[in-house]
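Hi there,

Here is the structure I promised to send over. Have a look at it first, and my notes follow below.

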Amino acid sequence: MVIKTEPIILNIGPAHPSTHGVFRMRTTLDGEVIVEMEPIFGYLHRSIEKLAEERTYTGFIPLTDRLDYLAAMSNNLAYCLTVEKLAGIPVPERAEYIRVIIAELQRIASHLIAVGAFLQDCGAFMTPFLYMIREREKILDLFEMVSGQRLTYNYMRFGGLSQDIPEEFLPALRKFVDQMPSYIDEYDQLLAENEILLARTKGIGILSREMALNTSASGPVLRASGVEWDIRHADPYSIYPRFEFEIPTGMVGDCYDRYWIRIQEMRQSVRIIKQAMKQLPPGPVRSTVPWLIHPPVGEAYAHVEAPKGELGFYLVSDNSIAPYRCHIRGPSLINLTALRDMVVGWKIADAIVIFGSIDICMGEVDR
Amino acid sequence: MIGFNYSLGLESYGRTLPPDWPGGFWWHWLVFTVIILAFVMTVLLGFVWFERRALGRMQARLGPNRVGPFGLLQPVADALKVLIKEDIVPTQADKIVHWLAPVVTLVPVLMIFAVVPFQDGALLVDLNIGLLYVVAVSAVPILGIFMAGWASNNKYTLIAAMRDVASVISYEIPVVLSLAGVVLIAGSLSLNQIVLTQNTPLILLQPLGFLIFFIGGLAEINRTPFDLLEADSELTAGFHTEYSGMKFALFYLAEYAEALALSALIATFFLSGWRGPFLPPWLWFLLKIVAMFFVIIWMRATLPRIRIDQLMALAWKFLFPLALLNIVVTAIEVLVWPEALPWGLIPVNIVVAGILVLFLSKKFTLGWGRIEV
Amino acid sequence: MKFEHYGIGIAKGLTVTLRHLFRHPVTVQYPDQRLHTSRRIRGNELVWNEEKCTGCATCAQVCHIGAINIVTSPSQATNTYTVEKYEVDTGYCIMCGLCVEACPFKALYMGYDYERAKYRSGDLVQTKEMMMTTPEKHISGYFYPELATRLPMQTLLLEKVKEDE
């Protein structure tokens with residue numbers, strides 16, 4: 001007697017405890033194995049690109065905070081770099097150094113949440129997540145000291161920063177930078193060699209080098225597949241050539257490599273912050289820029305190495321107070337195009353782990 | 001030896017009972033049943049509180065501390081909340097099965113405590129096949145879980161329930177085989193006798209058996225690292241997605257009752273039950289149960305969970321050969337060196353356990369890789 | 001994949017969790033214990049200095065949400081504008097602080113309090129009287145460092161964890 005089996009369609013639906021935001025995966029399952037997967041997004045679309053055409057250039061900065069809300073300073077930085085490139089605005093030295101410090105702190109904070117959520121998806125019931133949130137709280141305290149809010153900072157302006165750092169910032173930063181490596185070592189001790197984690201993530205969701213290059217992946221996803229591409233080294237912006245740091249690169253391209261790279265990047269960020277703190281010069285933090293900017297007619301594209309990948313802004317201006325067109329190259333969306341090929345052939349539990357290891361933020365995917 | 005002379009004198013009472021007990025003294029049986037059930041329920045509520053506090057402290061936060069001093073009334077608040085909730089039954093569900101499932105899950109777990117010795121002779125009934133009874137009864141709750149998964153008329157719960165059945169059946173075998181090692185050394189199936197013959201705790205004489213029983217027991221009660229049934233990062237809430245109100249409370253209690261039963265059984269088989277100096281025996285028993293439960297909570301706080309096919313591979317390829325080898329080694333020891341030197345056997349056993357674990361863990365692969373579609 | 005570490009990794013993780021059991025938890029039990037927020041906090045209201053304001057409505061122009069509503073009328077006697085209506089819809093405002101930065105006469109400040117919940121959304125609209133500076137209103141030091149020095153120092157988690165370990 002032949003038993004007839006048919007694949008079932010399972011909706012790992014928009015409101016799910018472990019999709020990072022509202023994301024829907026429509027999977028076709030054969031038993032436990034995923035045969036076909038269709039990602040459906042757009043549940044968080046807020047038409048930010050259209051809103052850019054109605055706000056002024058300066059008035060758009062608070063909206064860029066809400067793109068990747070877990071790493072808002074990088075978004076501000078990318079947008080300000082684009083407008084400075086478009087309008088030719090110089091940036092003073094002190095502002096550049098503070099921008100680098102803040103961007104690297106933001107990278108640490110974003111990677112903490114990424115790794116914490118990834119371990120939560122693997123099943124380590126909240127313990128590593130809560131430890132990492134505790135570290136992130138320290139960084140958010142520093143950001144609150146500088147800009148006034150904890151999530152949507154609105155701190156960078158064209159030509160520098162909105163205000164100088166207060167005098168209690170540097171001693172607190174020194175304390176944080178001294179403590180952080182020991183906490184990263186504690187995370188390593190907690191879960192880096194855990195056999196269950198190794199069994200769950202090694203060899204799972206392999207993204208080959210050709211596939212990563214073909215799908216324009218960027219950030220830790222690309223570096224895990226063996227491609228040494230970091231915008232801070234390859235196409236440097238701001239004053240990154242003055243610091244020395246390494247780029248951690250993986251070899252295989254599985255989930256464990258992506259997790260390991262993020263931990264190593266946190267260590268490298270601490271190294272950059274220490275160098276920047278030593279070289280911090282006094283001076284103004286903002287060059288004089290009119291409130292309503294009329295950039296000359298033209299277009300500009302600037303990209304930064306955001307924690308999640310390559311974040312780019314493309315602005316077209318027609319000499320009015322608002323951009324004619326603003327397009328945002330969100331790294332999470334481009335990294336997601338590789339998801340289907342990474343997931344097919346694995347099981348449901350693996351799909352959640354693979355999805356968590358790409359580390360997306362739905363604010364960037366849907367804009 | 002470790003003194004066990006303190007007792008309430010219950011064993012002498014037990015020996016003066018008429019041979020057709022409890023036929024003539026049914027009300028003695030009723031009183032003791034009520035005492036045991038009250039004890040189990042109270043310790044259960046205490047465990048709910050203990051888990052939340054201990055888990056909170058290990059995660060650098062406070063547990064519940066608002067409801068009553070130190071949050072001790074939190075389980076009471078939870079029970080009240082759950083009692084006043086509406087009882088929702090899906091329309092297409094199988095009503096009788098839906099109603100029976102929590103009962104079938106909870107009652108057999110409580111029945112295990114009938115044969116667990118709290119003191120010398122202080123059991124509800126001293127079955128001389130106590131261990132067989134425990135193993136038989138502890139296989140029934142899985143039927144309740146499957147009933148719950150089926151009767152909810154929901155794809156997710158069915159998948160979760162099927163995974164659960166597969167995993168529990170696979171882990172029954174190494175668990176029972178590891179208990180065979182205990183029986184070989186103790187010489188009897190009655191739990192009271194097993195405790196009485198433990199002059200040295202069996203965890204030292206049977207480290208491999210303890211390891212297998214512990215891991216297998218964790219898998220049977222669906223706790224981390226094997227809690228893929230209630231994994232809320234996968235299929236929402238597993239087999240009890242569609243339950244609310246008092247039925248959900250029964251499932252919740254059943255999970256903690258199983259953890260309590262596992263702790264009690266480990267304390268009885270491997271940690272020499274109620275024996276210990278200076279303190280009254282029931283207090284020793286309680287302390288050992290709490291210590292074992294703390295280890296279970298500790299595991300939950302630290303470890304991620306493993307996948308279903310890795311779970312099955314662990315049972316069949318790793319624990320099952322280990323259990324068989326454990327029986328062989330124990331049988332050889334009991335025959336060739338009878339218990340003249342328990343202290344000499346301890347290092348031998350630990351070394352043998354270490355070698356076997358290292359050897360087997362090099363040899364097997366865990367789970368499948370990618371499947372071509 | 002083969003087992004390589006024989007359980008040592010699990011044991012190491014267990015020691016980390018056990019060590020945390022003996023550390024002081026980092027929870028702050030609000031509302032019994034409160035933290036001092038940052039001196040530059042962009043709190044939940046706007047505070048308006050009537051003497052310095054000239055009614056130029058730059059803040060309303062800069063607000064990209066459109067949450068500020070100003071009605072002025074020219075007054076011949078003093079040759080200035082009198083501000084008749086000055087309303088901020090606090091429910092609509094996103095607390096970005098661009099209006100505070102844009103005011104050329106330094107007449108607008110961000111508030112320092114954050115516990116301003118109301119029962120009805122209509123109560124969130126701040127009218128002219130509610131916005132004026134009074135001695136009780138706390139002003140945050142956002143964009144005005146000389147005001148920031150009057151406020152208490154921010155409690156940092158860095159300090160708290162350091163002294164309890």
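A helix crossing is called left-handed if the near helix is turned anticlockwise from the far one by less than a right angle, and right-handed if clockwise. Please keep in mind that this is a predicted model.

With that in hand, let's start in chain B. The crossing of helix 7 and helix 10 of chain B is left-handed. Helix 7 of chain B covers residues 155-186 and helix 10 of chain B covers residues 207-220; their axes are 8 Å apart, at an angle of about 150°. That makes the two helices of chain B roughly antiparallel, because angles over 145 degrees count that way. On the helix 7 side of the contact you will find, among them, B:Tyr171, B:Pro174 and B:Val182, while the helix 10 side includes B:Ile212, B:Phe213 and B:Glu220. The residues of this contact comprise 9 nonpolar, 6 polar and 1 charged.

Chain C puts 32 residues in contact with 33 residues of chain A. On the chain C side, the elements giving two or more residues are helix 1 (8-21), helix 3 (98-102) and helix 6 (157-164). Helix 1 of chain C provides the largest share, with 7 residues. By type, the chain C side divides into 19 nonpolar, 9 polar and 4 charged residues.

Best wishes

Terms used:
Residues numbered from 1 in each chain as written. Chains lettered and ligands numbered in written order. Predicted model: local features only at pLDDT ≥ 70, side-chain atom pairs only at ≥ 80, totals over all residues. Axes fitted to C-alpha atoms, helices over the stretch in contact; angles between N-to-C directions. Helix = DSSP H or I, 4+ residues; strand = E, 2+ residues; numbered from the N terminus. Parallel < 35°, antiparallel > 145°, perpendicular 65-115°, else oblique. Contact = placed C-beta atoms within 7 Å. Nonpolar A, V, L, I, M, F, W, Y, C, P; charged D, E, K, R; others polar.
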